[in-house]
Structures are given as structure tokens and as C-alpha cells.
Amino acid sequence: SAALFAGLPPLPSATRELEAARQLLQAGPQDRLLGPAFTADAVRRAPLRDFRVLHFATHAVLPSEIACQPEPAILASTPPNSPDAAPALLTASAIVNLDLDADLVILSACNSGGPAGSTAGESLSGLARAFVYAGARSLLVTHWAVDDRMAAYLVAKTLAEIRGGRGPSQALQAAQLSILEDAGRGL
């Protein structure tokens, strides 16, 4: 698993995505966990019930990608002095135990899908299902690996549409249609 984690590409647009979301949602700088502060333990200890929107812009891993990992997980930062990368995994079983009251959870996670077949679909369902069980009323998740820049653009457009009064599914549809309309015109 250490080789897998070391080989994951950086996500330079994730910070811009999170900052755009923070501004659109009018959240304060104290309402975020970035870089080394974004650990699985910090997420578990955070008062998540107080937030209506939770946004994860990171990698996700499937069981088919890590032989010793039996469930999907969101990849957070490895805590300092950790003997291995295991504490960086926010697993589906840990997510189920979070206490949420979120209107929307955004999982903008590169690599949250996988190759076609039942394992990949079931694993993604496991992450989505875990957030629903934890208290999320709606989710924005990916079914495939996504380009970091496009994910940032799509999430920002979707949140702008939500801020304009649309529900999450209508906002996502409007954002997707906007991307299609802009294709070939300098997107």
C-alpha cells in the first residue's frame, strides 16, 4: 500500500476547489482541514453534525487496489510519526460511525471508481452508503477517475447553482450542461 500511496498523483486543483467551495458556501477558514491537518482521526473528532455541507477533495481507494484493504476508503494525510499509512485511511466502516446532519456530502475523489465490474460499483456504493448511514441526505460522488481541474470546475459550478437556489441534482445537471455548452470555447 505504501507504493500505491506514493504513486498517487498530486491534486493541485483540490486546494483551489476547496477554497472556491468555502467562498461559495460562505464558510470560515476555521471550517476546513487541509494538508497535514486533514487526518482520518481529525475527521472523526470534528463536530461534523454542525455542518450542512461536507466536502472531501482527495483520493479514494477501492479494495481491489490494496490487497490488504477489505473496504473502500478516503485517503487523508498520514499523521506524523506514523509507522505506516494505515491511519491515513478513512474507511467506509469509520464513515458509518460519523455523526452527520449534512444536506450534502461532496466526494470529489480521484480514483473512487475503478475498472468495470461488480467490485468497483459495489465499492463505490459502499462509500456512498456509508455517508447515507452516517446522516447525509444527498451525495455528489464520482463513478470514475476524474481530472483534478475538471472536478474543481464541476464542483464550483454545482455549488454556485445550489447557491442560486437549485437542489443538488438540478445544480449538478446545470453544471454539466454548462460544461457541454462551453466545450470547445476555451473551457
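A polar contact, a term needed at the second stop, is a pair of N or O atoms within 3.5 Å, where within protein one must be able to donate a hydrogen and the other to accept it, and residues adjacent in sequence count only if both atoms are side-chain atoms. The model is predicted, with local features needing pLDDT of at least 70 and side-chain atom pairs counting only at pLDDT 80 or more, while totals for chains, interfaces and linings use all residues. Residues are numbered from 1 along each chain as its sequence is written, and side-chain values use heavy atoms, with hydrogens and water left out.

Select helix 2 (residues 12–24) and helix 6 (residues 148–163), whose axes come within 8 Å and cross at roughly 5°; helices are DSSP runs of H or I with at least four residues, and strands are runs of E with at least two. The two helices are therefore roughly parallel, a label for angles under 35 degrees. Their contact (heavy atoms within 4.5 Å) includes E17 and A21 of helix 2 and A151 and V155 of helix 6.

Next, select S108, which lies in strand 4 (residues 104–110) and counts as buried because its relative accessibility is 9%, buried meaning under 20% relative accessible area with a 1.4 Å probe and protein chains only. The side chain of S108 makes a polar contact with the side chain of E17 at 2.8 Å. Leaving aside neighbours within four places in sequence, S108 is also in contact with residues including H55, A151 and V155.

Note on methods. Axes fitted to C-alpha atoms, helices over the stretch in contact; angles between N-to-C directions. Parallel < 35°, antiparallel > 145°, perpendicular 65-115°, else oblique. Buried < 20%, exposed > 50% of the residue type's maximum accessible area, 1.4 Å probe, protein only.
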